[in-house]
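Q: Here is a model to go through. How do its labels follow from the numbers?

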Amino acid sequence: MADDDAIPQAIEAPRRSRWSAAQAIWLIPLLAVGIVGWLALNEWLSSGPTITIRFRSAEGIEAGKTRVKYRDVDLGVVKQVRLAPDRKGVIVVAQMEADARPLLVRDTRLWIVRARLSGGEVSGLSTLLSGSYIGIDGGTDGGESRRDFEGLETPPVLNSDESGREFRLTASTLGSLEVGSPIFLRRVRVGQVLGTDLDPDGRNLTLRIFVRAPYDRLVTANTRFWHASGLDVSVDAGGVRLRTESLLAVVVGGISFETPPEAAPPTPAASGTRYTLFDSQASALRRPDWQTLEYTATFVDSVRGLAVGAPVEFKGFVIGEVAAVDIEFDPAILRFVFPVKLRIYRDLAATVAPQAAAPAARGASAPGNPARFPLEQLLSRRSVERGLRAQLRSSNLITGQRYVAIDFFPELRGEKLNHLGSGAHEIPTTRDSFGELEASVSRIVKKLEAVPFDQVAADLQRTLASLDRAVNTTEQTVQRFGAELIPSAKAVLDDARRTIEEVRALAAQGQPLPQQASTALRDLSRAADALRDLAEAIERQPESLLRGRRAAPAEVPR
Amino acid sequence: MKRLRPGRAGITRLGIGLGLAVALAGCATDTPPTRWHNLVAAVPGAPAAVPSGARTLAVGPVSVPDEVDRPQLVVRTARGAPVRLDGERWSEPVKAQLPRALALALAARLPATVVAAHDGVLVLPSARLIVEVQRFELQRDPDRAVLRAVWTLRPGAAKEGGPAVPAQVFETVVAAAGPDPTALVAAMTAAVDQLSGRISQSVCAAGPC
Amino acid sequence: MTTAAPDDAVATLRSRGLVQCPACQLVMGAGAAAELRCARCGTPVVLRTSGGLGTTTALLLAALVLYVPSNTLPIMATRSGLEARNDTIVSGVIELVHTGSWLLGLIVFVASVLIPLFKLAVLSYLVLSVRLRWSHDARGRTRLYRLIEVIGRWSMLDVFVVGLLAALVQLGPAAQVQAGPGVVAFGAVVWLTLWATRSFDPRLIWERA
């Protein structure tokens, strides 16, 4: 062991405050505790309520992974999925965040967002990749909060914050409509069908529709709704018509609406107003019953081609439509007749041209307004006496459609009408054009029968004989002339031929144009030859481009 | 450290240098001289007599085999392979020379006829000469020119009509004076001359010439 | 080296009033002061590890406290095109085993669960033993101390792995890895235990015995 004297003494270093080293170290555990405590507090504060949702099936829901999203914001996560006690559904337990608390009220709706095709829309495609999630739509009810919910099986058609109005439509058939089918106004999609219910008596359907703001203001009491599904093909007195709203409507069906301009009040209809759903635009925009008068016109001839809805025209002006075509047996004349019910529009009127002192205008309105002559007054007994009749006329020869024409027939003026019905609204009829044709044909046939054909034949024979004699004489005369005429004609022809030949020869050679053309062709062929030679030379000696032609051998090769 | 990258100036300089090199290379060799030949030999002495007759003869179309219709003289070697002599060229395409040569030769032999090779001058010729040259070549060992042609004379569009001679075949072989190109061309000219002699004989036999 | 001798007869520098410089190994006489410097090289010489047991205890407590969030908070958030998941250490191990990489799972489990727990347990035991002046198996305790000193750093393995993955796997929507808050806590735990291990003076085992 070394001896103690050789061991040096350690230097005393100045004493440092012990505080900085030993005590300061305790800050670390304090800090750790603080951090952990803060984390725990944060966790506890931000955790929201736990809710349970009942669904029919838990397809796509995974405990611990599936999230609850509102407008794509994460509001909670599914913690547990278990079978419902009655085994007819599943209970999903979800832990929500604290800010989700105000959303969980009585009419909050929850549904599973999956890839879906409905109402002409594909939704939720992103869930194919990222997995389904539960969508939540906050309720507007400010009442008590709720923790147990019944989940919807299909997403709600509307979000609760969409503004607009709901209406009800009564329809006889659903057609191709379904929940989510679009509502169109002038081909603009303004709403959708919310739901369809069959009435308890099974006769009609009630559709609940929703029209978005600001278009809901355009729905008034007089608005007409009609099926806009598919293609509307109609063949009527005007021809063939093809109508469709949009491709979407063709596929998923839709409803269109329009407010007829004649309807006066523009006040928007209240929410929940009921309307009828018509089958087509034509039927929707037809005037309602209270605006028409009913008349009857009984036709004797065939009413083939006359369809319900065919127009009734007065000299081409539409004054109504055919409501019904019936068949009746008239024992008085022992024939079948066809009473056709006509609907004449009541509010049509002709304006009377202003004239000095025209006091006889019937139905003239108060002075200051232009005088009006309601057309229904056209169809009065007085008119009938003047020859007003109804007649079936053909509107389209191809389709055979017919319409009812009301017109004055001067030749029938004052005709005695004995079988006019007792109804005040009866318009007598006259035969239609086919009937007239028939009559004309029979008249012609009668006339033809009256012609004495035998006598005519005898006369004809005599005439033919004399004609024959005349022809013979003519022939002889012609032969005599022929001998003189033909040689000179031949000479003329020869001259003509020679002239033509000379002209042709003149045109052939020596004329400047062919000459120039041949020169041009010659030059062209020379140019082509030169090009060909150049190409050949290059091909044989490509280096001649750079180095020029090789010297030819002095002697001609053997 | 500067990086070496050819800038725009560098590329231009390179281009100029290359161009100069190419040009110089091209100028390095001499183009060998060319000698020109024609079937229509220079006319010695006074021009031929001007014809006085009203008859006209149009020469054409004359078809020439493409092998001969080259800028260069074509000679067949003893083995029969054609060789083009790059230094010996025709001064005008054979296609144009032949009708002209024939016309000149015929004009010398037919004093009463105006002979022309182009269509423009003779509006309504009395007769038309149509020739198809099937063989017109030079051969070596022995040095000679070979000509074989099928010709016919048809009445032209003139009112009086002209002589008509059905299709004839003419073949001749003319020996060349030497192997040099000039002698060979002279042999060809002589062959053409012989053809024109035969044609003029037929013309004179068929009518006034 | 002397074998185990009776405790009171152990000859340590301290018992002779001497200290040794940790840098240049010079043996010097110790004064009364707690802070001394080497006479030759000036390196501070401490009779005790600074703070003594207090430091180790504080650090150990901090590590224990932070161990809770390091296991409850997720250490890694992975998002691939199909799914997004947050994993804690244990759930990550389970996932590894589930997907077939049981070797990796084992390694992670050993490095990130077993070793930290072992270290915490051993340190707690050592600190406790010194505080309560237990006197049994000082040698075993020293061996334990040396063990945790050696294996301690291997817990950083998990932190490195997560850091590397988070830095490298950034393939946008196809795959994304993000480090979670748990990795900070876990790293803190590892660092604190390392520090606690270093600050623990094993001589205390023998002194208080």
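Predicted model: local features only at pLDDT ≥ 70, side-chain atom pairs only at ≥ 80, totals over all residues.

Q: Why is α2(B) called largely enclosed by the rest of the structure?
A: A residue is buried if 20 or more other C-beta atoms lie within 10 Å of its own. Of the 16 residues of α2(B), 12 are buried, so the helix is largely enclosed. Among them are Val94(B), Lys95(B), Gln97(B) and Pro99(B).

Q: How do you know what span to expect for helix α2 of chain B?
A: The expected span is 1.5 Å times one less than the number of residues. Helix α2 (residues 94-109) has 16 residues, and 22 Å is expected. From first C-alpha to last, the helix reaches 22 Å, close to that value.

Q: What makes β1(A) and β3(C) a pair?
A: Two strands pair if DSSP finds at least two bridges between them. Here 2 bridges join β1(A) to β3 (residues 35-37) of chain C, so the strands pair. They run antiparallel. Ile11(A) stands opposite Arg37(C).

Q: How many residues of chain A are in contact with chain C?
A: 21 residues of chain A are in contact with 30 of chain C. On the chain A side, β1 (11-12), α1 (18-23) and α2 (27-46) each give two or more residues. α2(A) gives the most, with 6 residues. By class, that side has 16 nonpolar, 2 polar and 3 charged residues.

Terms used:
Residues numbered from 1 in each chain as written. Chains lettered and ligands numbered in written order. Helix = DSSP H or I, 4+ residues; strand = E, 2+ residues; numbered from the N terminus. Contact = placed C-beta atoms within 7 Å. Nonpolar A, V, L, I, M, F, W, Y, C, P; charged D, E, K, R; others polar.
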